[in-house]
Amino acid sequence: MKTKSPFNQLNRACGSLPVQLEKLKIAGAAAAGVLLAISAAQPAVANPFGSGFGQKTVDHVLVISVDGMHQSDLAWYAQHYPNSTLAKLLAQGVDYSNASTPFPSDSFPGMVGQFTGGNPRTTGIYYDDTWNHIIYPAGTTNFSSPPPGGEVTYFEALDINLGALDAGEGIVPAPGPDPWANILQLDGNAVHLINPANLPIDPLTHKGIYPNQYLRVNTVFEVIHQHGLLTAWSDKHPAYQILSGPSGQGVDDYFTPEINSSSSATAPTDPSQPDWTTDNLKTQQYDNYKVEAVLNWINGHRHDGSGNPGTPAIFGMNFQTVSTGQKLVTSRTEGDLSGTAPGGYLADGFTPGPVLTNALTFVDQSLGSMVTALTARGLLNNTAIIISAKHGQSPMNIAALNRINDSQIISALNAAWNLSHPSATPLVAQGTDDDGLLLWLNDRSKAATDFAHDFLVNYSDPTASVDGKPVTSAGCTQIYTGAAAAALIGVPQIDPRVPDVIGIGQYGVVYTAHPSKIAEHGGDHTEDRNVPILVAWPGAQGGTAVTTPVETTQIAPTILELLGLNPGELEAVRIEGTESLF
């Protein structure tokens with residue numbers, strides 16, 4: 001659960017940080033020998049087949065992120081549906097079955113990692129909802145005092161209207177019975193869908209910081225664009241404008257319909273209505289709009305089907321359908337419109353249930369339409385297809401589920417702190433807790449972080465469990481605070497973005513006050529992080545399975561190698577030494 005900052009009770013505005021100022025603050029500690037190695041991440045390892053294995057450059061790379069998909073889901077589906085598109089791509093491509101996402105395993109660092117080659121310690125992107133200790137909150141107009149810090153909300157909170165699928169552009173509702181009939185006409189520049197008043201404020205320039213300006217390194221889109229090639233991307237929020245990179249020029253054509261908008265045909269701009277994630281068939285409808293955009297790109301058009309700029313060199317989309325199929329307790333699904341079909345996995349904790357199976361089939365059929373379009377255009381033999389995921393989801397075993405009210409824990413922590421510090425502000429400035437704990441504190445001293453550590457380790461109030469289960473150590477197996485939290489990520493403790501408390505959730509714990517979902521992500525469990533990487537391209541040694549540990553950050557240099565470009569043009573690749581997958 002994302003807990004609203006005490007500094008932002010009137011709105012969900014965000015706070016960000018100028019890269020220049022951060023570099024000045026961090027450089028001294030880094031030069032002093034701060035260890036920049038994250039213990040939670042696996043090492044980047046080259047393909048064991050050696051140099052030259054299956055290499056061939058292509059003109060186009062289609063990247064697909066199936067959010068929530070585990071490697072086990074891919075293997076299960078291909079085995080049970082041998083004539084599926086996924087099974088055929090596995091037979092034609094290379095399957096990296098031991099791949100891990102960055103930690104924290106959130107959508108934002110997951111996607112940024114795939115397109116920069118960097119982990120959060122390098123990119124500065126920890127989550128889509130964070131805190132920054134040296135910025136001004138959105139809406140600040142008086143800069144006479146030092147920046148107090150503020151929330152950085154790079155998700156639907158940035159939209160002009162988060163209640164509308166068009167993010168407030170004004171093309172929803174369309175005339176006639178379908179209010180979303182014109183959604184493909186959405187502005188291809190995602191900047192235009194962001195309300196500047198909702199942006200965090202740079203303490204140096206006193207201007208709002210767009211997502212791309214918050215990113216510390218460049219992206220594959222920037223590198224490819226700088227070589228004069230076309231780029232395009234579709235994702236779930238306009239905030240994915242971050243992929244344009246610091247230059248702001250990386251992506252030529254965006255399609256970013258807002259997933260957390262109203263899915264009600266009678267109230268299509270009302271943010272109080274159920275959104276597209278509350279029903280799996282609605283999620284499929286939402287994802288299908290993005291599939292249409294991808295098909296338009298394959299056919300050489302812009303996302304809306306206009307013009308003939310040509311098929312982009314790099315393009316693709318994320319799917320949300322599998323994610324909601326894992327999270328929802330029950331939902332409508334194909335063949336059962338009652339709304340009572342169970343989401344998630346069967347009791348064995350491995351086999352997808354009916355909603356999730358149908359979600360996987362929807363994704364597979366959508367991929368099939370893309371392959372068909374590539375074939376019809378004569379592009380398949382010159383296109384690489386990369387399938388992965390921003391994150392997995394946990395728990396797969398429903399019996400292990402323990403939903404814990406993190407707001408109750410944070411309130412208790414603040415109350416305990418205030419007993420001995422009655423005049424102090426609340427200890428917790430921001431909490432972002434899905435299936436792990438990330439807390440930013442107003443007081444970053446050792447005394448404060450030690451206090452938070454000891455409190456959380458000893459927190460065992462069973463009333464915090466929505467499911468009536470025991471609560472131990474606030475639902476965590478390990479709790480890192482202060483210097484230990486920074487060392488876990490691999491940055492100096494003075495980094496103004498790094499969480500002051502990182503709790504590694506116990507298996508099955510989901511932080512929420514509501515019984516409306518049965519899985520989440522963001523944590524360090526294998527089910528959060530072990531996602532597929534499937535790469536199919538004309539030069540591949542089809543049917544190859546690579547079991548050596550790899551990271552999804554290795555997708556970035558692989559994209560550039562496939563396009564015949566130098567992976568060393570990516571700053572994160574140079575900083576972390578991220579290797580291509582082959």
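Which residues of strand 2 lie on one side and which on the other, and are they buried or exposed?

## Strand 2

His-60, Leu-62, Ile-64 and Val-66 sit on one side, Val-61, Val-63 and Ser-65 on the other, and all are buried. Buried here means under 20% relative accessible area, with exposed being over 50% and partly exposed in between (1.4 Å probe, protein chains only). Put another way, seven of the seven residues in strand 2 (residues 60–66) are buried. Helices (H or I, at least four residues) and strands (E, at least two) are DSSP runs, numbered from the N terminus.

A quick word on the model: it's predicted, so local features need pLDDT of at least 70 and side-chain atom pairs count only at pLDDT 80 or more, while totals for chains, interfaces and linings use all residues. Residues are numbered from 1 along each chain as its sequence is written, and side-chain values use heavy atoms, leaving out hydrogens and water.

## Its partners

Strand 2 runs parallel to strand 8 (residues 314–319), joined by six bridges, and there Ile-64 faces Met-317. Strand 2 also pairs in the parallel sense with strand 11 (residues 383–388), again over six bridges; Leu-62 has Ile-385 as its bridge partner. Pairing takes at least two DSSP bridges between two strands.

## Helix 3

In helix 3 (residues 85–92), the buried residues are Thr-85, Leu-86, Ala-87, Leu-89 and Leu-90. Their cover includes strand 11, along with helix 2 (71–80), strand 3 (94–100), helix 10 (354–376) and strand 18 (530–536).

## Gln-506

Look for Gln-506 in the loop between strand 16 (501–505) and strand 17 (509–511). Leaving aside residues up to four places away in sequence, Gln-506 touches Thr-472, Gly-475, Cys-476 and Thr-477, where contact means heavy atoms within 4.5 Å. A polar atom of the Gln-506 side chain lies 3.2 Å from the backbone oxygen of Cys-476.

Notes: Polar contact = N/O pair within 3.5 Å; in protein donor to acceptor, adjacent residues only side chain to side chain.
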